[in-house]
Amino acid sequence: MGDVLCLAMRPAVARGGSTPMGKWRTQLIQHLALTPSTDLAFLWVEEFPLFTPTALDDKPTHAIGQAGTTKSAWTATHHPFTAPHPDHVHLLRDNPGAVMGQHYDLVLNGFEIGGGSIRIHDARLQQYVFEVLGMDEAQTARFAHLLDALRFGCPPHGGIALGLDRLMAVLLGAPSIRDVIAFPKSSGAELMVESPSRVDAAQLAEYAIQVVEPAATK
């Protein structure tokens, strides 16, 4: 047999949950009917960038303005409440792309089985992260209760959420988490939170969406 060399181009900042090389790896395993190892290999993935560029060329050049005055060049890599690394806070103003966040993933045999973060516990820092993300006053008003709570005093805190279905799928060698879900969706709706469901006019207005009823047919 000869050797096969596979090359792939990717953006400087990866997006999405999969890559062409990852998909190729999965297809190759299935095509060659390779038997995965039964060993359990855990690892932590950390030092994620706090922000991800929204520009297609991954090179945002404009500076961050006040909230609501310009469209932000950044989006939250994890979520807007993730704390930046303490040594990188001074980079927020002039170099947001260099700021690492305090979020982490737990991986087992190549599958993410959990993730979490240390949260921002300072109201001024939280407000500024909102501004970096380009959130205007109406958007930040939704989190006024959070900012008030942080101003009253809040200790550093964080956590992790584990995906029990993913963990069981890896341990049992199941090809899909659908094989191990204890309470699968049977009606096309999430029984715990009743989703999807109807949304009210205020929620639609927030995203500039309007429901247009079809014209009556004669």
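Leu 106 stands opposite Gly 114 in S5. The two strands concerned, S4 (residues 103-108) and S5 (residues 111-118), pair in the antiparallel sense over six bridges. This is a predicted model. Its pLDDT averages 83 over the protein.

**Sheet**
- S4 and S5 belong to an open sheet of four strands, ordered S1-S4-S5-S6.
- Pairing in this sheet is antiparallel.
- Strand S1 (42-45) and strand S6 (158-162) form the edges, each pairing on one side only.
- From one strand to the next, the twist averages 20°.
- Helix H5 (residues 164-172) packs on the sheet and touches S4, S5 and S6.
- The direction of H5 makes about 145° with that of S5.

**Nonpolar core**
- The largest nonpolar core has 18 residues.
- Phe 51, Leu 92, Val 129 and Phe 130 have the most contacts inside this core.
- Helix H2 (residues 123-132) gives the most to the core, with five residues.
- In soluble globular proteins, nonpolar side chains tend to be buried together.

**Around Phe 51**
- Leaving out residues up to four places away in sequence, Phe 51 touches Leu 92 and Val 129, among others.

**Confidence**
- A pLDDT of at least 70 is reached by 85% of the residues.
- Over residues 56-70, pLDDT stays under 50.
- For residues 56-70 the model has 29 contacts beyond four places in sequence.

Technical notes: Residues numbered from 1 in each chain as written. Predicted model: local features only at pLDDT ≥ 70, side-chain atom pairs only at ≥ 80, totals over all residues. Heavy atoms only, no water. Core = buried A, V, L, I, M, F, W, Y, C linked by side-chain atoms within 4.5 Å. Buried < 20%, exposed > 50% of the residue type's maximum accessible area, 1.4 Å probe, protein only. Contact = heavy atoms within 4.5 Å. Pairing = 2+ DSSP bridges. Axes fitted to C-alpha atoms, helices over the stretch in contact; angles between N-to-C directions. pLDDT = per-residue confidence, 0-100.
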